[in-house]
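Dear colleague,

I am passing on the structure below, together with notes on what turned up when I went through it. Please read the notes with the coordinates open beside you.

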Amino acid sequence: MTKADIVNEITKNTGIDKQTVLTTLEAFMDTVKESLSKEENVYLRGFGSFVVKKRAQKTARNISKNTTIIIPEHNIPAFKPAKTFTLSVKK
């Protein structure tokens, strides 16, 4: 399902015009991105959590040049679904 599909589905279910739904969805995604970039987690009860995970520094190999490179410590975004969300998907 794409963002356009989500907008169409919300429009069909609520009767709100597409432009308002699209603007709201974009604002939601921007807010989540900003929060995660500030290393603040986002919790949505009954849906899940958008969290920042820290990856430790590690060494890797460049196979083509046969050299070792160091990958620095960095943050990655992750989503952890709520228990009720997981159970509804399993059914």
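Throughout this message, a residue is called buried when its relative accessible area is under 20%, exposed when it is over 50%, and partly exposed in between (1.4 Å probe, protein chains only). Please keep in mind that this is a predicted model, in which local features need pLDDT of at least 70 and side-chain atom pairs count only at pLDDT 80 or more, while totals for chains, interfaces and linings use all residues. Residues are numbered from 1 along each chain as its sequence is written, and side-chain values use heavy atoms, with hydrogens and water left out.

To begin with the overall picture, the protein chain holds three helices and five strands, where helices (H or I, at least four residues) and strands (E, at least two) are DSSP runs numbered from the N terminus. Read from the N terminus on, the order of these elements is α-α-β-β-β-β-β-α. The radius of gyration, taken over C-alpha atoms, is 19 Å for the protein chain, whereas a compact globule of 91 residues would have a value near 12 Å; the globule rule is 2.2 Å times the number of residues to the power 0.38. The C-alpha trace spans about 60 × 30 × 25 Å along its principal axes, and buried residues make up 15% of the 91 residues. If a contact is understood as heavy atoms within 4.5 Å, then residues 24 or more positions apart account for 29% of the contacts with a separation of 6 or more.

Turning to the charged side chains, a search of the whole structure finds two salt bridges, each being a side-chain nitrogen of Lys or Arg within 4 Å of a carboxyl oxygen of Asp or Glu. In one of them the side chains of Glu26 and Lys3 meet, at 2.3 Å from N to O. This pair links distant parts of the chain, with Glu26 in helix H2 (residues 18-37) and Lys3 in helix H1 (residues 3-14), 23 residues apart. Glu26 is partly exposed at a relative accessible area of 28%, and Lys3 likewise counts as partly exposed, at 34%. The other salt bridge joins Lys12 to Glu9, whose closest N and O atoms are 3.8 Å apart; both residues lie in helix H1, three residues apart, which is about one turn of the helix. Here Lys12 is exposed, with a relative accessible area of 61%, while Glu9 is partly exposed at 32%.

Three further residues may be worth a look in your viewer. Thr11, in helix H1, counts as buried because its relative accessibility is 17%, and, not counting residues up to four places away in sequence, Thr11 touches Ile16, Asp17, Lys18 and Val21. Ser35, in helix H2, also counts as buried, because its relative accessibility is 14%; leaving aside neighbours within four places in sequence, Ser35 is in contact with Glu40 and Val42. Phe85 has its place in helix H3 (residues 83-90) and is partly exposed, with 29% relative accessibility. With neighbours within four places in sequence left aside, Phe85 is in contact with Gly46, Phe47 and Phe79, whereas Phe85 and Ala56, 29 residues apart in sequence, are 30 Å apart in space from C-alpha to C-alpha.
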